[in-house]
Amino acid sequence: MKKGICATLAAAMLAAGPGLAQDAVFGSEPDVAYAALLWNAMQDRGLVGDGAIMAFPYAGTDPHGMMLETFYLTAEIEDHLGALVVKRNYGPAGVTVDEVLGDPAGHLGAVTVMFQREPGYDDDTGNWFYAKYLPDGTLDRSPNDMALAGLVGKGADAGCIACHQGAGPDYLFTTDAKLPGMQ
């Protein structure tokens with residue numbers, strides 16, 4: 001699960017050449033700070049952390065996890081109300097719904113998030129901000145030690161944006177509904 005996205009990002013970075021890490025469009029200090037605000041907003045809503053609300057898990061696949069829970073709602077970050085998609089990624093391979101429901105914390109590998117920022121953030125990618133958190137709220141990191149927050153995979157052959165562009169103009173694979181706060 002964690003290996004899948006990191007391996008994909010590593011391959012994309014290597015293919016792009018050695019300059020990509022310094023020219024990266026994600027993982028900057030402002031991205032990390034924004035991701036912290038987003039985590040706090042999710043924690044306040046009971047979406048992450050101890051005692052987080054649960055939904056019924058469903059079968060998933062790499063790079064997210066073998067079992068998933070997905071929540072669609074809105075959040076307000078720095079006076080901007082935007083669509084928020086929170087995906088809890090469970091594993092390992094072979095994990096069952098009953099195992100996840102019985103011990104969600106023991107099977108949680110990561111929390112992946114899409115938050116639609118204000119117009120002008122990055123219109124070319126639907127203004128989506130991506131983040132991949134470890135269960136404790138710290139940001140996961142790429143093989144080049146870049147925080148996975150911001151425009152992850154922009155301009156690459158792999159990564160969040162590269163994959164989600166294939167979902168169509170809304171960048172969402174799992175719903176065609178217009179979410180509250182979506183542009």
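Modeller: A salt bridge here means a side-chain nitrogen of Lys or Arg lying within 4 Å of a carboxyl oxygen of Asp or Glu. By this rule the count comes to five. A word on the ground rules: this is a predicted model, with local features needing pLDDT of at least 70 and side-chain atom pairs counting only at pLDDT 80 or more, while totals for chains, interfaces and linings use all residues. Residues are numbered from 1 along each chain as its sequence is written, and side-chain values use heavy atoms, leaving out hydrogens and water.

Biologist: OK, so what makes Glu69 and Arg88 a salt bridge?

Modeller: Their N to O distance is 2.8 Å, and the rule asks for within 4 Å, so the pair qualifies. The two come from distant parts of the chain, 19 residues apart: Glu69 sits in strand E2 and Arg88 in strand E3 (residues 80-90).

Biologist: Is Glu69 buried or exposed, and how do you know?

Modeller: Buried means under 20% relative accessible area, exposed means over 50%, and partly exposed is in between (1.4 Å probe, protein chains only). Glu69 is at 0%, so it counts as buried. Arg88, at 3%, is buried as well.

Biologist: Then why does Asp31 have no salt bridge?

Modeller: The nearest side chain of opposite charge is Arg117, 5.4 Å away; the rule wants within 4 Å, so there is no bridge. For charge, Lys and Arg count as positive and Asp and Glu as negative, leaving out His and the chain ends. Asp31 lies in helix H3, and its contacts (heavy atoms within 4.5 Å) include Phe26, Tyr121 and Phe129.

Biologist: On to the sheet: why are E1 and E6 called edge strands?

Modeller: Six strands form an open sheet in the order E1-E2-E3-E4-E5-E6, with antiparallel pairing. E1 and strand E6 (149-150) are the edges, each pairing on one side only.

Biologist: How do you know that E1 and E2 pair?

Modeller: Pairing requires DSSP to find at least two bridges between two strands. E1 and strand E2 (residues 67-77) have two, in the antiparallel sense, so they qualify.

Biologist: Last one: why is Asp50 called exposed?

Modeller: Asp50 has 83% relative accessibility, so it counts as exposed. It lies in the loop between helix H3 (29-44) and strand E1 (58-59). Met54 is found in the loop between H3 and E1 too, but at 37% Met54 counts as partly exposed.

Conventions: Helices (H or I, at least four residues) and strands (E, at least two) are DSSP runs, numbered from the N terminus. Lists of a residue's contacts leave out its neighbours within four places in sequence.
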